[in-house]
Amino acid sequence: FDYAAAEQSVMALGSIISAMKSAGAIDNARLEQMNAALERCYAATADDELYRPADFAAAIEGFRSLIR
């Protein structure tokens with residue numbers, strides 16, 4: 001994953017989670033889980049100079065496991 005694509009993916013996931021919350025599609029417990037996983041994704045893309053694709057892949061896999 002290149003940095004720009006990873007960063008855009010994380011922002012898109014944030015928007016999707018926000019829309020799901022607004023629509024009542026997820027409860028508070030699930031929202032907390034998703035937000036915690038999303039924070040790990042944000043942390044993996046926080047600095048383009050320190051970006052490591054493997055760290056992002058691990059973070060996004062953690063998020064992915066919540067939606068299976």
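This is a predicted model: local features need pLDDT of at least 70, side-chain atom pairs count only at pLDDT 80 or more; totals for chains, interfaces and linings use all residues.
1. T45 is found in the loop between α2 and α3, where helices are DSSP runs of H or I with at least four residues, strands are runs of E with at least two, and both are numbered from the N terminus. At 5% relative accessibility T45 counts as buried, a word that stands for under 20% relative accessible area, while exposed stands for over 50% and partly exposed for the range in between, with a 1.4 Å probe and protein chains only. Not counting residues up to four places away in sequence, T45 touches Y3, A6, E7, V10, Y51 and F56, contact being defined as heavy atoms within 4.5 Å.

2. Residues are numbered from 1 along each chain as its sequence is written, and side-chain values use heavy atoms, with hydrogens and water left out.

3. The next point concerns the aromatic rings. A pair of aromatic rings is described by the distance of the centres and the angle of the planes. Rings of Phe, Tyr and Trp (its six-membered ring) pair if their centres lie within 6.5 Å, and planes under 30 degrees apart count as stacked, over 60 as edge-to-face and the rest as tilted. By this rule the count comes to 3 aromatic pairs. The ring centres of F1 and F56 are 5.2 Å apart and the planes stand at 80 degrees, so this pair is edge-to-face. F1 lies in the segment before α1 and F56 in helix α3, so the pair ties together parts that are 55 residues apart in sequence. The two partners can also be described by their accessibility: F1 is exposed, with a relative accessible area of 60%, whereas F56 is buried, with a relative accessible area of 2%.

4. The rings of Y3 and Y51 have their centres 5.3 Å apart and their planes at 70 degrees, so this pair is edge-to-face. Because Y3 lies in helix α1 and Y51 in the loop between α2 and α3, the pair ties together parts that are 48 residues apart in sequence. Y51 counts as buried at 13% relative accessibility. Ring pairs link F1, Y3, Y51 and F56 into a cluster, and a reader may wish to recall that Y3, Y51 and F56 are among the residues that T45 touches.

5. How do the helices pack? Helix α1 (residues 3-22) and helix α2 (residues 28-44) pack at an angle of about 165 degrees, with their axes 10 Å apart; the axes are lines fitted to C-alpha atoms, for helices over the stretch in contact, and angles run from 0 to 180 degrees between N-to-C directions. That makes α1 roughly antiparallel to α2, given that angles under 35 degrees count as roughly parallel, over 145 as roughly antiparallel, 65 to 115 as roughly perpendicular and the rest as oblique. The contact is made by V10, M11, L13, G14, I17 and K21 of α1, together with L31, M34, N35, L38, C41 and Y42 of α2. These residues divide into 9 nonpolar, 2 polar and 1 charged, where Ala, Val, Leu, Ile, Met, Phe, Trp, Tyr, Cys and Pro count as nonpolar, Asp, Glu, Lys and Arg as charged, and the others, Gly among them, as polar.

6. The axes of α2 and α3 come within 8 Å and cross at roughly 170 degrees, which makes α2 roughly antiparallel to α3. On the side of α2 the contact is made by R30, Q33, M34, A37, L38, R40, C41 and A44, and on the side of α3 by D55, F56, A59, I60, G62, F63 and L66. The residues of this contact divide into 10 nonpolar, 2 polar and 3 charged.

7. A44 has its place in helix α2 and is buried, with a relative accessible area of 14%. Leaving aside neighbours within four places in sequence, A44 is in contact with Y51, D55, F56 and A59. D55 lies in helix α3 and is partly exposed, with a relative accessible area of 42%; D55 and A44 are 11 residues apart in sequence and 5.9 Å apart in space, C-alpha to C-alpha.

8. Finally, E49 is found in the loop between α2 and α3 (53-66) and counts as exposed at 68% relative accessibility.
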